[in-house]
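Q: Before we look at individual features, could you show me how to read a model such as this one, going from a whole chain to a sheet and then to a contact between chains?

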Amino acid sequence: MSLDFILKHEGNNSKGAVLLFHGLTGSPFELKKYGQFLFNSGYDVFAECLPGHGEKFEEIYTVKYQDWLDFAYSRFERLKTEYKNVFVSGLCLGAVLALAVGIKYREQVTGIISLSTTLYLDGWRLPWYKCFMPIALNTILRFYYTYPECEPHGVKNLKTRNAVKKLLTKGDVGMNDFPMTGFKELLELSAYIRKNLSKVVSPILIIHSKEDDLTSTKSANAVNKNISSKDKEYIILYDSYHMVLYDNEKEFVFEKSLRFLDSHIKQTAKTEDFVCI
Amino acid sequence: MYLKLIEILFGVFAFILTLLMILREFGITKNLSPMKASDYVSSMAGFMFAYILFSFILATFIPGGINKIVLALFGFSPFIIGKLVTYQKVKTYSFLQILCVILSIVFVYAI
């Protein structure tokens, strides 16, 4: 079952395009409400499954971070030919990919919304034996190890957490485990991004939870400190975990994102839009 | 005296690692809960770390140039295999890794 979604306004009535990327082992389902909100606010929204996150579980064992980059770049290029304003946003791995697009396309990106950016795996949920991670990542053990989705599922709100748990048990909205091969690719991608953060010049909104269970604020701090964007806003949430789009402060995140998008729409028309008299 | 102790520790860690890997190949983790299976593989990572560490310690203190090189190679073997392994060939490389660890035990106790 495909969980991709494209929400487009009829004609050319949108304010711009928002390209969304989901997180590691997630699916566009986790962006659905966010996407719907942005669509209702006048934006065309695009969210597709990342490579390795399709119907075959084993794909996550063979996917390379270059595949994710190629996917993100191609989707952005496609939208850029159609829209004056193209924003990129994502959660977790998706935020890292949004930054990758910002690094490659620089001024062409109208704006970036980076949610729970995962440049380091250092959240409080990770077990004490994470110190052995370098061994597991670089040996055959990475094909043996999967970290099971477990409490709190990145959600502080108990009601939502139980709903997420139920959905994950069904298994059709994302994976139940984090395979180590996926972690390896994410960390390699993160290393590449960390090295190139200074190339990000687009306006950016960074949102990260203080109590993020998967990645601490160290990641968001690194982004905030090292990017070259003059126009940047960094918000720390105090009542959410990793899944900021589903947690206690989701409305705040939605509103902040919308305000960011609305305030960064470029009003200048493309050259071909001018009519010669 | 110290060398003997290091050899014994190396043997113990290598033996446990081999055992854990063989049991996994026989599917022991399939009967465990996801969290327990995850802990099982994590303990393998711990023993692999100890195996690598003691391979290098032994390579430092053991007499003979060739012996040092061979032990260092055994120490590097998890990383070399880790570099070569693909999802399609996990079984083959698992077997190779187990063989490497067993050979290293034989090597250390034969010299």
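A: Let us begin with chain B of this predicted model, whose secondary structure comes to four helices and zero strands, with the elements running α-α-α-α from the N terminus on.

Q: Why does the radius of gyration of chain B agree with a compact globule?

A: The way to read this value is to set it beside the one given by the globule rule: for 111 residues a compact globule would have a radius of gyration near 13 Å, and chain B has 15 Å, which agrees. Taken along the principal axes, the C-alpha atoms of chain B fill a box of roughly 45 × 30 × 20 Å, and 30% of the 111 residues of the chain count as buried. Among contacts in chain B between residues at least 6 apart in sequence, 66% join residues at least 24 apart.

Q: Turning to chain A, in what order do the seven strands of the open sheet stand?

A: Strands of a sheet pair through backbone hydrogen bonds, either parallel or antiparallel. In chain A the order is β1-β3-β2-β4-β5-β8-β9, and the pairing is mixed. Strands β1 and β9 (232-237) of chain A stand at the edges, each with a single partner strand, so one side of each has no neighbour in the sheet. From one strand to the next, the twist averages 15°.

Q: Which strands pair with β3(A), and in which sense, parallel or antiparallel?

A: Strand β1 (residues 5-7) of chain A pairs with β3(A) in the antiparallel sense over three bridges, whereas strand β2 (residues 17-21) of chain A runs parallel to β3(A) and is joined to it by four bridges. Ala47(A) in β3(A) is the bridge partner of Phe5(A) and also that of Leu20(A), while Asp44(A) is the bridge partner of Ala17(A).

Q: How many residues does the contact take from each chain?

A: The contact takes 19 residues from chain A and 21 residues from chain B. On the side of chain A that touches chain B, the elements giving two or more residues are α4 (133-138) and β6 (146-148) of chain A, and by class this side has 13 nonpolar, four polar and two charged residues.

Key: Residues numbered from 1 in each chain as written. Chains lettered and ligands numbered in written order. Predicted model: local features only at pLDDT ≥ 70, side-chain atom pairs only at ≥ 80, totals over all residues. Pairing = 2+ DSSP bridges. Rg over C-alpha atoms; globule rule 2.2 N^0.38 Å. Buried ≥ 20, exposed ≤ 12 C-beta atoms within 10 Å, placed from the backbone. Contact = placed C-beta atoms within 7 Å. Nonpolar A, V, L, I, M, F, W, Y, C, P; charged D, E, K, R; others polar. Axes fitted to C-alpha atoms, helices over the stretch in contact; angles between N-to-C directions.
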